[in-house]
Each structure stands twice: as structure tokens, then as C-alpha cells.
Amino acid sequence: MEIIIDDVFRSTHNLYFKGLPEETVLKRINEVFNSYDPEMIIDVINLIKTSIAIGITYSDCYDKIVVAIIDRFSLDDNIDLFILSLTMKVLIAIGDESIEELLFKSRDINKEVAAKHFRVPLEKVSKDMINEVLNASDNFTKNYSINDEPVESWDEYFYNVCRQVARNSKCLSRRIGAIMVWDKGIISTGYNGPPRGVPRCDIRWKIDKEFVEKYKERTGGCKLEGVCPRQAIGFESGAGLEVCPAGHAERNTLINAARKGIKTKGATLYMTCGIPCTPCLVEIINAGIKEIVVISLKTYDQTAMYLLNQSNLVVRLFDFVK
């Protein structure tokens, strides 16, 4: 695995080292490295290596280090600079990268997911492992049924809840459920469908004359009641989203939390679908969601993967997805 370089890392680096030549930065890092108690430095390096092994963000790594050394660290010294310098020293030594490469290194989401799924270090992820997680699909749900047997993991429990939430969706194309979890407790739920008080999408054919007129030539003799308007019009899968009045399950989960004043930062979002679409990912990232758990790595568009690779959002499959 590896520490995920986040905004805290970059902003701290810019505060102390922005604009300086790499040689100068390395010199200052070494000065910090040589200015503190060796035993404390070893303890911090071990925490950094542990963080690398489990693949957490720099912010989380920073918090763990502060808790471990705060009572041994002088109040007159700069703990931010100390932790940043040691982290950069370790990351450069392990990855053999320049500072610029470290700052702007893109993530490999597929590789990260494979490492979590198979519980192996990032460097031991094989192409076969990556192919297996890429081939994981929501088709597995056809072979999975909720029964009275005890669940085998928290992931299975939360997946079952997502499935039940999805049952309340009025979408005529695909029903999706999502839940937000904090400390193994469900704090918000959401499913895809039109906004509160807005009729189901097929009712639009009866009440929206301009809509009917615009698409009458494309609908032909199709029976419109009980049919998704995008399907009736003939849009291909993923196209024509502008005519869909529904909000996605992930977004509605965030909105439901906001309506109730529930904190979203640091929460995990579980959902019965693949990688969220670009607009949903923007909101998920901005809401401070720490991790999303999905049933496949299928994406709607290239921008979604770009957002993941440039963000701090953790992605993984449900632990029982095959």
C-alpha cells in the first residue's frame, strides 16, 4: 500500500518548502531528521511505515503520530514540519521518487482496490488480481439472496440494508440504495428517484405537454406508462440523463443527512452500484466522505476515474463480492 497524498500534505509542504530547489528541501528535511531524539524518530518512522502498509491518507497518518508523540514533543518546536519531513524522507526512500513526483503522484484506484480486496501490500498486487476486481460486477447480486442466516461480515450486513433501502425507489430503470455509516452505525439512507413531491417519471407523459411534443417522433407507438422515459425515447444506456428527474441514491443520502444536520465528514458510503457518476462524486468528495464501498469498479465516464485518482477518497469492493 502507500500513504495517500492529500491536501493537508500539499498545503503543509507549500507552507515550508514552496519554491525551494529540491536540494534545499532535502537538506532541510535532513536537518529536521537529525535534530530530535532518535528513539522518537524511530517510533514515528514505524508509524509511517504502518500507515504505508494499510494505505491511509497523510491526514490520518498525521493524527496517529500526534497522538503517539505529543507528550514527548516540545511545545516550542514545529510538529507539523517534523511529521512532514519524516514522512517525505520515508516516502522518497521507499519509492525512489523526486519531491515533485511525490506531490503530484496519481493514484491507481484499481490497484488500491485489489490490494484491499485480497489483503496484500500494494507492491504485491498482480495483474490477475486487478483483472479479478475489474470483472467483479453487480451480476453477483443475481446469485446472492437475503436469508435468515447470520451475516458473515459488517459489509454483508450493510449491503443487505442497502438492498432494502433500494426497494423504496420508484425508478423504472434501476433501483439503487445507499447508506451512510459512522462507527458501524447507519446515520443516513437514500435511494434513487424524483425529488420529494414530484411524480414518478412516466407520469410526465400525461402532464408535460412540451416534453411529449418534443419526443413524440422518437417514442412511436411505445406504451409509455410504466416505462422509463429515457428507454421509451430510445436513449442508449447512460445517455439522455438530462430528461431524468431522479436524484441518485448517493446524492439523496447526502441530502437526507444535510436536512437533519448530520455530519458527513469522515463517514463511509455504501451503495448497491458501481463507481458513482461524476456529479455524485463531486458532492461525495466535497461532503468529506472518507470511503465508498461499491459492488463493481464500473464507471459512467472517464472523469469519474480522474476525480478518484486525484482525490483522497478511499474505494473498495464489498468484502464478499467475487
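Me: How many salt bridges does a search of the whole structure find?
Reply: The search finds 11 salt bridges. Please note that this is a predicted model.

Me: Which residue forms a salt bridge with Asp60?
Reply: Asp60 pairs with Lys290, and their closest N and O atoms are 3.4 Å apart. The pair links distant parts of the chain, 230 residues apart: Asp60 is in helix H4, whereas Lys290 is in the loop between helix H14 (278-286) and strand E4 (291-294).

Me: And how exposed is Lys290?
Reply: Lys290 has a relative accessible area of 41%, so it is partly exposed. Asp60 is also partly exposed, at 22%.

Me: Where do Glu213 and Lys216 lie?
Reply: Both are in helix H11 (residues 209-219), three residues apart, which is about one turn of the helix. Glu213 is partly exposed at 49% relative accessibility, and Lys216 is partly exposed at 44%.

Me: Which residues are linked in a network of salt bridges?
Reply: Asp155, Glu291 and Arg316 are linked in such a network.

Me: Changing topic to helix H5: is it largely enclosed or open?
Reply: Helix H5 is largely enclosed by the rest of the structure, because 12 of its 17 residues are buried. The buried residues include Leu81, Phe82, Leu86 and Met88.

Me: Which helices do those buried residues of H5 pack against?
Reply: They pack against helix H1 (7-17), helix H2 (22-33), helix H3 (38-54), helix H4 (58-69) and helix H6 (99-103).

Me: What caps the N-terminal end of H5?
Reply: Asn78 does, with a side-chain oxygen 3.0 Å from the backbone nitrogen of Asp80. From its first C-alpha to its last, H5 (residues 79-95) reaches 24 Å, close to the expected 24 Å.

Me: Which members of the largest nonpolar core touch the most other members?
Reply: Ile289, Ile292 and Val315 do, in a core of 48 residues. A second, separate core has 34 residues, among them Phe17, Val44, Ile52 and Leu81.

Me: What is Val315 in contact with, leaving aside neighbours within four places in sequence?
Reply: Its contacts include Ile109, Val113, Lys116, Ile292 and Leu308.

Me: Last topic: what is the phi of Asp183?
Reply: Phi of Asp183 is near 50°, a positive value in a residue other than glycine. Most residues other than glycine have a negative phi. Asp183 lies in the loop between strand E1 (177-182) and strand E2 (185-191), and is exposed at 72% relative accessibility. Lys184, placed in the loop between E1 and E2, has a positive phi near 65°.

Conventions. Residues are numbered from 1 along each chain as its sequence is written. This is a predicted model: local features need pLDDT of at least 70, side-chain atom pairs count only at pLDDT 80 or more; totals for chains, interfaces and linings use all residues. Side-chain values use heavy atoms; hydrogens and water are left out. A nonpolar core is a set of buried Ala, Val, Leu, Ile, Met, Phe, Trp, Tyr and Cys residues joined through side-chain atoms within 4.5 Å. Buried means under 20% relative accessible area, exposed over 50%, partly exposed in between (1.4 Å probe, protein chains only). Contact means heavy atoms within 4.5 Å. Helices (H or I, at least four residues) and strands (E, at least two) are DSSP runs, numbered from the N terminus. The expected span of a helix is 1.5 Å times one less than its number of residues. A polar contact is a pair of N or O atoms within 3.5 Å; within protein, one must be able to donate a hydrogen and the other to accept it, and residues adjacent in sequence count only if both atoms are side-chain atoms. A salt bridge is a side-chain nitrogen of Lys or Arg within 4 Å of a carboxyl oxygen of Asp or Glu.
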